[in-house]
Amino acid sequence: MTVHFAHILEKLGGIAKRLRQGGMPDVVYQWTKGISEEELTELEERLQIPLPASLSELIKRCGSLHLLWCLPQHCIVADEPACSYESSNGLKQKPNMLDDITGEFGWNHEYISYFTSYGENTDSAADEQRYLILNYNGAGDPILLDRATSATEPAVFCYEHELDRFMLLAESLPTYIETMLALHGLWLWDWSNVSDELGIQLDSPPLQLWQRWLDMFCTMKLEDARSLETLIHYTTMHGVDHPAVLQAFQAYDPKDIFLAWEQRIQCNPAQFATWAFFVGETAGIGAADWVRSLWEPDTDTAQAWRPPASNNTHARAAFISTRAYLSARCLPEQEGLTKVYNDLIQHRAKDGKLEGYTVNGQLQHFHSPQVIDWMRDKVNHPVDGWAVLFAYSRPTDEQVIEWLSGSELHQKIATEALDIMIQRDLLPTLEADAWVSISNLLHASLQLVMLKKDKRRIEAVLEQLSHLELR
């Protein structure tokens with residue numbers, strides 16, 4: 001047996017442990033024992049070739065392995081500070097940053113078989129037996145060994161099906177494994193910026209950035225953030241989902257927090273939505289004037305972030321949703337609601353109707369019962385978006401009972417909202433008489449609805465409510 005991978009499980013186990021201890025969420029690390037000599041012989045007989053020595057060693061040491069991780073929901077992989085700068089020739093440079101990345105690495109002996117790229121002519125047995133599948137990435141693209149490069153130590157490629165191209169990852173399987181170990185299983189959806197004719201280059205600026213950032217991510221602790229600047233740096237890496245992070249920001253003036261974030265927004269405007277989330281969660285009222293400026297069409301602030309009318313609708317919708325979120329987090333409730341209400345009415349469809357998903361995308365952030373009263377005479381089919389909005393707007397007992405006592409459309413929305421609230425633990429504490437009233441109204445509705453799916457939903461809600469009532 002070759003000794004390329006003598007300590008591979010020990011190394012990968014250490015990587016998984018380091019990522020978990022550093023705060024990387026949802027780290028998955030699984031492996032199975034190596035295959036036997038008999039199983040290897042059967043595999044080679046099926047393929048009608050001897051496997052490359054390094055591949056044989058790998059799957060005899062470990063038959064399959066899966067390392068998966070994802071970055072915190074809101075984080076920015078960039079040098080600190082992530083400001084653009086002017087080079088010696090006077091040209092503006094983009095901030096050094098990475099996006100669209102995840103962590104996925106592994107192999108599986110059960111996948112090892114021949115691969116023929118879609119649409120490629122294979123006129124000979126050599127063509128049919130050129131590529132051996134090692135694994136698949138999250139997009140379903142195969143990681144391949146190209147036997148045409150070497151029968152004994154073939155190069156590793158990824159076939160990108162959307163681009164119909166083979167991307168060279170490494171000159172050999174041992175090199176590929178060592179590269180992925182150095183990157184802690186990092187997977188880029190576009191390797192072209194960090195690769196050359198020899199494959200992935202660890203010394204490329206983006207991958208050097210990744211390794212620096214990851215070292216900081218795994219070593220910097222919240223207790224190390226003793227100033228607003230270092231706290232913000234920590235937050236850009238780890239996000240604000242942990243209550244302790246939000247608690248740490250309470251030591252600082254909201255206006256100062258916003259000004260610190262504003263510097264980063266100006267340095268790296270491409271990440272506007274992520275910066276806005278940080279502002280909304282940590283600065284609150286300290287960003288109120290800035291958020292108001294986003295609603296004014298003629299201000300420099302609004303023009304800087306609002307996509308032109310000619311831009312794609314996705315970018316425009318993203319800005320509108322982000323602005324609504326900021327209004328919910330940073331403005332007094334009534335002021336924020338009024339701005340969003342007026343904007344929704346102004347931009348409703350030509351038939352005068354509001355679309356439930358659109359409304360939910362902007363008003364869900366407020367978590368306000370006022371929204372339920374506002375939308376009462378505006379709801380329509382399909383009900384899904386309206387039901388989600390109802391569920392997240394913290395309805396009172398009276399509002400739930402009122403809607404279940406209303407029209408068929410209002411009953412349907414309220415029933416679906418109850419189902420959502422139960423499933424997502426959003427149901428408010430109900431008084432005993434409210435339980436009885438809601439149950440009675442649901443039973444009455446059950447007798448009137450005609451569609452089986454509506455009956456099933458009501459029955460499911462009644463069953464779930466009965467379990468909750470018995471607790």
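Q: Which residues do ring pairs link into a cluster?
A: This is a predicted model, in which local features need pLDDT of at least 70, side-chain atom pairs count only at pLDDT 80 or more, and totals for chains, interfaces and linings use all residues. Residues are numbered from 1 along each chain as its sequence is written, and side-chain values use heavy atoms, with hydrogens and water left out. Rings of Phe, Tyr and Trp (its six-membered ring) pair if their centres lie within 6.5 Å; planes under 30 degrees apart are stacked, over 60 edge-to-face, and the rest tilted. Here such pairs link W261, W275, F277, F278 and Y325 into a cluster.

Q: How many aromatic pairs does a search of the whole structure find?
A: The search finds 21 aromatic pairs. One of them, W210 with W213, is stacked, at 5.7 Å centre to centre and 20 degrees between the planes. These two tryptophans are 3 residues apart in helix α6 (residues 205–219), so about one helical turn separates them. Helices (H or I, at least four residues) are DSSP runs, numbered from the N terminus. Both W210 and W213 are buried, meaning under 20% relative accessible area with a 1.4 Å probe and protein chains only.

Q: Over which ring does the charged end of R323 sit?
A: A charge sits over a ring if NZ of Lys or CZ of Arg is within 6 Å of the ring centre and within 35 degrees of the ring normal. The charged end of R323 sits over the ring of W295, 3.7 Å from its centre. R376 has its charged end over the ring of W403, 5.7 Å from the centre.

Q: How many disulfides does the count come to?
A: A disulfide is a covalent bond between the sulfur atoms of two cysteines. With the cut-off for a pair of cysteine sulfur atoms set at within 2.5 Å, the count is 0. For C75, the closest cysteine sulfur is in C70, 9.4 Å away, which is too far for a bond. C75 counts as buried because its relative accessibility is 15%.

Q: What is the volume of the largest cavity, and which residues line it?
A: Rolling a probe the size of a water molecule over the atoms shows where empty space is left. A cavity is a set of points, on a 1 Å grid over the protein atoms alone, where a 1.4 Å probe fits but cannot get out; lining residues have an atom within 4 Å of a point. The largest cavity has a volume of about 120 Å³. Its lining is E408, Q411, K412, T415, S445, V449, M450, D454, R457 and I458. The largest share of that lining, 4 residues, comes from α19.

Terms used: On a 1 Å grid over the protein atoms alone, a cavity is a set of points where a 1.4 Å probe fits but cannot get out, and a pocket is an open set with protein on both sides within 12 Å along at least five of seven lines; lining residues have an atom within 4 Å of a point. Grid points are joined across faces, edges and corners, and a volume is the space filled by probe spheres set on the points. Buried means under 20% relative accessible area, exposed over 50%, partly exposed in between (1.4 Å probe, protein chains only).
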